[in-house]
Amino acid sequence: MSEQSPASHDVVIVGAGFSGMYMLYSLRRLELRVVVLEMAEDVGGTWYWNRYPGARCDVESMEYSYSFDEDLQQEWEWTERYSAQPEILEYAAHVADRFDLRRDIRFGIRVTRAWWDEDSGGWVLETDTGEVFRGHYCIMALGCLSVPRRPDFPGLDFFRGPWYHTGLWPHEPVDFRGLDVGIIGTGSSAIQSIPQIAGEARHLTVFQRTPNFAVPAWNRPLDADEVRKIKKNYAAFREGARWSHSGYNCDDAVGPGLEVSDNLRKSEMERRWQIGGFTVLSTFDDVNTSMEVNKLFVDFAHDNIRSRVDDPETARLLSPTDHPFGTKRLCVDIDYFETYNRKNVTLIDISDDPISHITPTGLVTEGGRAFDVDTLVFATGFDAMTGPLLGIDIRGVEDVSLRDSWEAGPRTYLGLTMAGFPNMFTITGPQSPSVLTNMMSAIEQHVEWVTDCLVWLQRHDLDRIEATEDEQDAWVEHTIAVGDETLYPLANSWYVGANIPGKPRVFTPYVGGFDSYRRICDRVAGDGYRTFDVGRVEPRPRGKGGASGGTRTPTSGWKADFESAASTSSATEA
Ligand code: NAP
């Protein structure tokens, strides 16, 4: 592969969202030469791109923030229970300023190819600007939902009006006043933006293929007293999140759903619904494992929709029946269902009559129904979790491509590393808890694990680490087995890649629990990374199937760890 005098660093980090920013901060203390390559023009990752009306985090503000610096968490003031996108982006900018992060970040540069160069022992990264970077280590901090996906409807080029994707929203305000707007999709992004667009547009037509479950956010301004209380004991509060099942503090389950008394069952479901957000998913131990218990939540949610939507037929269409509760990413809503009571909002069910093509003035379904709109909004989601990594042509040892290695689905060890791709780490990668947790907790855990790993290598005068095929196979098998114990794989969700035609159907996040996962990672580190091939980079002939010359002593300590850890039930997500 061609290469033009690459800029050399100890570590190249790709991505300057919350993962890349903390990774940079964290590696600075090792006095390594680090550069971050970021395709956006500023920090913030998902919050830089997702500027659609109503964009808001569905994890509470006091949890969805960095915990690594006491002064930072004490000084920053969140204004609402769930923060809106502009405030989160402001926070990201504040962190970048406070720790002077931007001086090591190159903005507006996209990595297109990355390959392992055995001879020099490092990664070479090619970018769309033509610049080439070399890093002894490469850390992919790409995010899980950073490749927006728009269906390939024919005719879009001829559409006369403007169109938008929620995940690539313009920086300048979009004015929907006086316009007939069509929105495609009813996932989290749509559920947040529909009430906002409806409040502005002349008319909003929602094209729904599959309805989604949503629990109320009950968003509100943060109360000064509750903030003071949390900040007084912020360290303990964060520790609670760190060792929780989902990466944030929430009430424990009251027991298995069918074993508690009728009274407790009903009152607890009602109480959790009134709290709002993801706490609903951990009401009982078995919401995600027992179909019978899950059905209680399906019925509860259907009743809730009926109570909020005036027209019974619209309420029926909005009520999901194709997947168990919470097995697609649960949405957290603000006035979503009530929006369908507005006179200027129409719900169009396209479950049996999909969109065929776009016309200059709107769209047509396969059954020939035509709809005229001035503007189209695609809230059609992302090529999640694997998409960001596979979007880069990554080549490991002996030029093996990641795309080929993952043809049948992702293969990682701990969601942090891949066999055949030495000295590469992924932050919140496939087969780690990531999207099933509070992402901030997941990010901090990964960044700290990678940092500790590099410190350990330095201390032992080593500079090469690679996952072994055996441990990777075992981890892949384990993640799938743990997923199969739950109801998650039953849904046609982006968790299994069902939203991308042709993508292998594999349940990709690790659902064994954030606390168990952390224990497993800690054990691997505590055991001196014996489950990895570790050694020194030396030009050498390589045999088939992975690294040679390392100091590997295989163990499967994490298995024992997992077995003794908490059960896989009540996984909640954020
Ligand atoms: P999504 O959940 O994947 O939803 C995409 C929607 O587009 C679905 O309703 C899907 O229908 C529909 N769709 C896709 N292709 C279509 C087609 N060809 N014709 C008609 N409809 C089509 O995407 P998202 O709403 O952007 O959310 C993705 C994830 O981002 C969320 O699950 C969440 O993890 C994260 N997110 C978080 C927040 C937050 O923190 N508050 C906000 C937004 C997003 P089907 O269901 O039938 O496929």
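Biologist: Which element gives the largest share of the shell around the ligand?

Modeller: This is a predicted model, in which local features need pLDDT of at least 70 and side-chain atom pairs count only at pLDDT 80 or more, while totals for chains, interfaces and linings use all residues. Residues are numbered from 1 along each chain as its sequence is written, and side-chain values use heavy atoms, with hydrogens and water left out. Helices (H or I, at least four residues) and strands (E, at least two) are DSSP runs, numbered from the N terminus. With three residues, the largest share of the shell comes from α5.

Biologist: Which residues come nearest to the ligand?

Modeller: A residue is near a molecule or strand if one of its heavy atoms lies within 4 Å of it. There are 25 residues around the ligand, and those that come nearest are Arg56, Thr186, Ser189, Arg209 and Thr210.

Biologist: How many residues of the shell are charged?

Modeller: Ala, Val, Leu, Ile, Met, Phe, Trp, Tyr, Cys and Pro count as nonpolar, Asp, Glu, Lys and Arg as charged, and the others, Gly among them, as polar. On that division the shell around the ligand holds ten nonpolar and nine polar residues, and the charged ones number six.

Biologist: What percentage of the ligand's exposed area does the protein bury?

Modeller: Accessible areas come from the Shrake-Rupley method with a 1.4 Å probe. Taken alone the ligand exposes 900 Å², of which the protein buries 89%.

Biologist: At what angle does α5 run to β8?

Modeller: Axes are lines fitted to C-alpha atoms, for helices over the stretch in contact (heavy atoms within 4.5 Å), and angles run from 0 to 180 degrees between N-to-C directions. Helix α5 (residues 188-198) lies across β8, β9, β12 and β16, and its angle to β8 is about 175 degrees.

Biologist: Which strands are the edges of the five-stranded sheet?

Modeller: Two strands pair if DSSP finds at least two bridges between them. This open sheet has parallel pairing in the order β7-β16-β8-β9-β12. Pairing on one side only, the edge strands are β7 (163-165) and β12 (345-349).
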